[in-house]
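The exercises below ask you to characterise the contacts between parts of a structure, one pair at a time. Try each task on the coordinates before reading its solution.

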Amino acid sequence: MYGKGILKGLSVTWKRFWDTYLEDISWILKGKKRYFNEEGIRHRSSKNTRGIFTVQYPEEQLILPEEARYLPFLVYDEGPQGKQEVRCTSCGICAKVCPPQCIWIVRSNDPNTGRPIPEPTEFYIDGDICMNCGFCAEYCPFDAIKMDHDLDIAAYGRNVYNLEKLLKPASYYNLIRPMNAALEEQARRAKEAAKAAKAEASASPAT
Amino acid sequence: MTTPVLTPIADLTARFPGSVTKDERAGYSGFLVAKENLLEVAAAIRDEFGYDLLTAVTGVDYLAENKMEVVYHAYKTTGGPGLVFKVQVDRIDPVTVPSLVNIWPGVDFQEREAWDLLGIKFDGHPDLRRILMWEGYQGHPLRKDWKEPFFEEEVKPFKSRWPDGKHVFAEEKNPFRDNLNFPKNFDPDAYQPEAEKDLYSSLERFTLKSESGLKTDQIVVNMGPHHPSTHGVLRVAVTLEGETIMGLKPVMGYLHRNHDKIGERCTFLQILPYTDRLDYFNSMSNNFGYVITVEKLMKIPVAERAEYIRVIMAELSRIQNHLIFIGMLLNDLGTMYTPSLYAFEERELILDIFEAVSGARMMCNYFRFGGVVRDIPEDVMQKIKGLVQDRLPAKTDEMDRFLSENEVLVGRLKGVHVINAEDAAKFSVTGPVLRAAGVPYDLRRADPYGIYDRFDFDVAVRTHGDMMDNFLIRFDEIRQSLRILEQALKQIPQGPINSQKPQYQVRVPAGEAYGRIESPKGELAYYVVSNGKPNPYRYHVRPPSFVNLTAIEHICRGTKIQDFVALLAMLDIVMGELDR
Amino acid sequence: MENEKFSLPNYNIPEDLETIVAITTLDRLYNWGRRSSVWPLMFGLACCAIEMIAAQASRYDMSRFGMEVMRPTPRQADMMLVSGTVTKKMLPAIIRLYNQMPEPKYVVAMGACASSGGPFKEGYNVVAGIDKFLPVDVYIPGCPPTPQALIAGLIKLQEKIDRQSIKKVRWYDRKKEDANYVPMPILGPDLIDVRRNAEIKQAAAAKESAS
């Protein structure tokens with residue numbers, strides 16, 4: 001019969017049209033809110049999602065996975081009296097590994113000793129060249145540069161970030177990537193412990 | 001499971017003593033053919049040895065040796081290893097090589113590309129115009145002595161970035177403050193643009209003979225580069241008689257992003273994120289092709305668990321690509337949006353998985369030499385299982401029910417744009433389009449890479465080669481991919497995810513490698529030449545979209561212009577990889 | 001989203017009248033109308049276009065902002081979303097489209113490539129940012145920006161529209177009728193920006209004397 005296939009197809013759209021309302025009713029019966037809360041958003045991004053699929057950004061925001069990456073930022077630890085202890089040592093690995101070469105670092109030397117200061121004097125990332133590949137964060141040996149989750153960064157001008165704009169506290173990093181931060185912290189502790197043990201071992205025969 | 005037909009590589013030197021020699025350079029393989037005998041040898045390779053699919057043609061500029069080399073990769077549609085043969089000519093302009101377009105018509109666009117970017121003239125090519133750059137452009141950019149306007153240094157990393165890298169816009173280093181480079185004493189006021197006379201004169205070849213009495217004029221219509229249905233910025237110049245297409249020339253390069261040239265500046269690792277941006281629907285597959293090519297050069301093993309992760313990601317990528325294909329094909333047929341919205345829903349769920357494992361939705365940059373960058377977390381694994389076992393099969397069936405029997409759709413697709421098996425192979429068409437024409441040529445089976453030889457699946461194949469079969473074969477492939485995924489998810493072992501230590505400088509021994517995978521759109525191959533330095537000496541991508549497009553004029557001549565946009569959807573072109 | 005209601009915030013309208021009465025300025029009414037129906041040009045260039053489609057599709061649904069009507073013709077479009085790498089070969093077509101758009105028109109540079117050339121900036125066929133030729137209103141970094149980042153950028157554009165005043169907008173200014181007309185570049189041995197012919201001539205001549 002001509003038109004059977006069309007009707008069959010229409011039954012699919014028909015079913016999907018009602019799905020939203022059926023799902024709404026089932027959530028109401030369960031006494032739960034489907035919109036504008038985390039559970040609802042999670043359900044809408046799961047394999048069981050049915051009916052409406054829209055996540056109404058900016059009121060509702062998708063739950064970003066921990067690994068999600070956007071633009072890079074620099075991490076600093078909060079020292080005593082709010083001092084910013086920048087983790088970056090200006091070793092330059094990120095600038096070397098960056099595929100579009102959008103990182104510029106100025107490393108200064110100590111005027112007295114002539115040795116490099118382990119902190120960048122200036123640090124630029126051209127946000128409009130960055131391709132969000134994540135290599136800088138991946139190969140940084142000091143966990144100093146990380147990929148951000150902040151999506152709302154559109155601007156009315158070119159996005160060239162300097163040190164001031166790039167620095168974010170470690171607490172923010174721990175918030176967006178709790179698992180990675182914990183693992184890195186653990187590795188750092190282990191490294192320090194090993195270093196201390198080694199120093200102790202080498203120090204004891206001398207005394 | 002069937003094993004691929006393994007044929008020993010033909011011994012050309014015995015057949016053509018004197019004119020063919022083995023390529024003896026360290027790390028290289030294949031045969032060197034004398035330029036004078038190329039046509040004769042090529043005809044023998046096709047007819048006597050049975051290599052009916054010439055997949056890739058590209059050139060290499062050996063500046064130090066003062067040579068230009070053209071490299072050909074020929075395969076059999078029955079499977080098995082390929083045959084590499086090369087022609088070396090002196091690097092004195094004009095560099096000429098005989099064209100093989102009469103033996104394998106599929107080399108048409110690739111030879112034009114070699115002419116455009118490397119300045120190799122192919123004698124006997126009927127339509128040797130620039131293909132990616134515009135007519136009137138100066139220079140052949142892939143030559144080693146050609147510098148782009150924003151040239152900083154030969155290779156990355158650039159020394160100006162560290163340790164005293166005050167941020168400078170690249171614009172400020174260029175005399176025009178722009179990405180421009182003009183010849184000496186160029187006078188823009190006196191310049192007369194060439195106005196694409198080559199393009200239009202190439203179309204003239206299809207002049208119509210006017211019917212008796214009534215004078216009919218052909219008209220030339222330009223579609224694109226801004227057109228809602230050309231899948232990006234493709235342009236086609238069509239000669240029409242009424243509504244019937246008499247001749248057609250695709251004009252591309254509107255998204256030519258100099259992938260090869262940038263690749264030669266980058267280190268091996270830095271190229272990886274650039275490959276994401278080739279076929280931007282399937283960054284996972286692009287990564288896959290590139291890493292197996294470099295692994296071939298480096299001769300390193302891949303961690304067992306990573307092999308499975310790679311397959312899982314590549315197959316998920318294939319599923320979402322085919323779903324989008326179905327949605328976009330329907331869009332082009334005029335079913336505004338509903339099927340593509342349904343397709344995008346499933347795609348979003350798959351992209352969620354990509355984002356959770358790799359960090360990015362589209363540009364995953366997930367593979368590394370020797371493995372992958374990070375393991376799949378357990379909760380994501382559960383999510384993949386849920387999708388693969390519960391959701392995607394049901395949704396594929398729903399899509400099938402929704403569309404496949406629709407009378408209007410069948411009427412638009414059945415018997416339109418037929419390409420037969422012989423022509424498809426002749427034009428080097430690969431992927432679903434070739435299989436829909438009846439050739440069961442799938443690299444996962446014909447020349448297995450990774451661990452595809454461990455899985456039980458059927459090569460989807462259909463026989464008519466028309467649009468309907470091209471549409472249905474996508475459903476078949478989704479179902480086969482789901483089968484592979486089921487097995488991979490069951491068999492995946494625990495263990496390390498990379499056989500190498502994470503490092504940003506890899507040592508790649510000198511040599512050449514040609515790695516190819518079955519990307520969702522066809523055979524995606526990379527040709528990489530290393531000279532032992534941190535950067536590749538030559539880096540070339542053989543994109544399936546680009547080569548499949550060679551057959552477009554053959555397929556659509558004599559059909560109606562209304563169906564043409566659907567043909568573009570059927571070939572499943574994506575501009576990022578077509579123009580690179 | 002401060003201008004969601006078009007009543008001015010500092011007037012206290014009784015609750016039962018709120019749906020019937022609004023006290024507002026002409027600017028606010030005018031901008032409210034424009035910002036709620038920004039029709040984008042259906043115009044995809046590269047990877048970012050796919051994210052633009054994703055933003056139009058079921059999950060992000062740009063029609064919530066009145067931006068679902070993508071017009072393939074520039075004559076009916078208000079906003080050009082430059083979504084992807086602008087190549088030299090494509091540039092004349094983009095300029096032509098822009099010139100054909102009627103005022104008021106906005107340009108959003110979506111993604112790194114459109115903003116500055118992005119990762120492909122060094123390429124010989126890539127224009128280092130569409131802002132070299134067109135006045136860009138909002139820059140959205142990212143490669144590609146996720147649909148959420150794109151929507152965040154478009155909200156920025158809406159905020160910009162909110163701040164415009166009917167008395168000052170350029171499209172009612174009779175004197176500067178063609179202020180935003182961009183002359184078409186020519187594809188020569190390299191891209192020729194005709195506004196800078198003298199400069200190009202000078203630099204090309206200087207090139208020879210230097211060598």
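**Exercise 1: chain C against chain A**

Between chain C and chain A the rule finds one salt bridge, a salt bridge being a side-chain nitrogen of Lys or Arg within 4 Å of a carboxyl oxygen of Asp or Glu. The model is predicted, local features need pLDDT of at least 70, side-chain atom pairs count only at pLDDT 80 or more, and totals for chains, interfaces and linings use all residues. Residues are numbered from 1 along each chain as its sequence is written, chains are lettered from A and ligands numbered from 1 in the order in which they are written, and side-chain values use heavy atoms, with hydrogens and water left out.

Task: identify which side chains meet in this salt bridge, and describe the rest of the interface.

Solution. Step one: the partners are Asp152(A) and Lys156(C), at 3.8 Å from N to O. Helix H4 (111-116), strand E3 (138-140) and helix H5 (147-162) of chain C each supply at least two residues of the side that touches chain A, where helices (H or I, at least four residues) and strands (E, at least two) are DSSP runs numbered from the N terminus. H5(C) gives the most to this side, with nine residues.

Step two: contact, meaning heavy atoms within 4.5 Å, joins 33 residues of chain C to 29 residues of chain A. The area buried between the two chains is about 2,600 Å², with 57% from carbon and sulfur atoms; buried area is the accessible area (1.4 Å probe) that two parts lose on being put together, summed over both. Arg59(C), Pro141(C) and Gln148(C) supply 28% of the area that chain C buries against chain A, more than any other three residues.

**Exercise 2: chain C against chain B**

Task: state how many residues each chain brings to the contact, and find which residues of chain C lose the most area.

Solution. Step one: the contact takes 55 residues from chain C and 65 residues from chain B, and the buried area is about 5,700 Å², of which carbon and sulfur atoms give 62%. In chain C, Lys89(C), Glu122(C) and Tyr124(C) lose the most area to chain B, together 16% of what that side buries.

Step two: the rule finds five salt bridges across this interface. Glu122(C) also forms a salt bridge with Lys156(B), with the closest N and O atoms 2.9 Å apart. On the side of chain C that touches chain B, H6(C) gives the most, with nine residues.

**Exercise 3: two domains within chain B**

Step two: 49 residues of domain 1 of chain B are in contact with 42 residues of domain 2 of chain B, and about 3,700 Å² is buried between them, 57% of it given by carbon and sulfur atoms.

Step three: the count between the two domains of chain B is four salt bridges. Glu264(B) forms a salt bridge with Lys144(B), and their closest N and O atoms are 3.1 Å apart.
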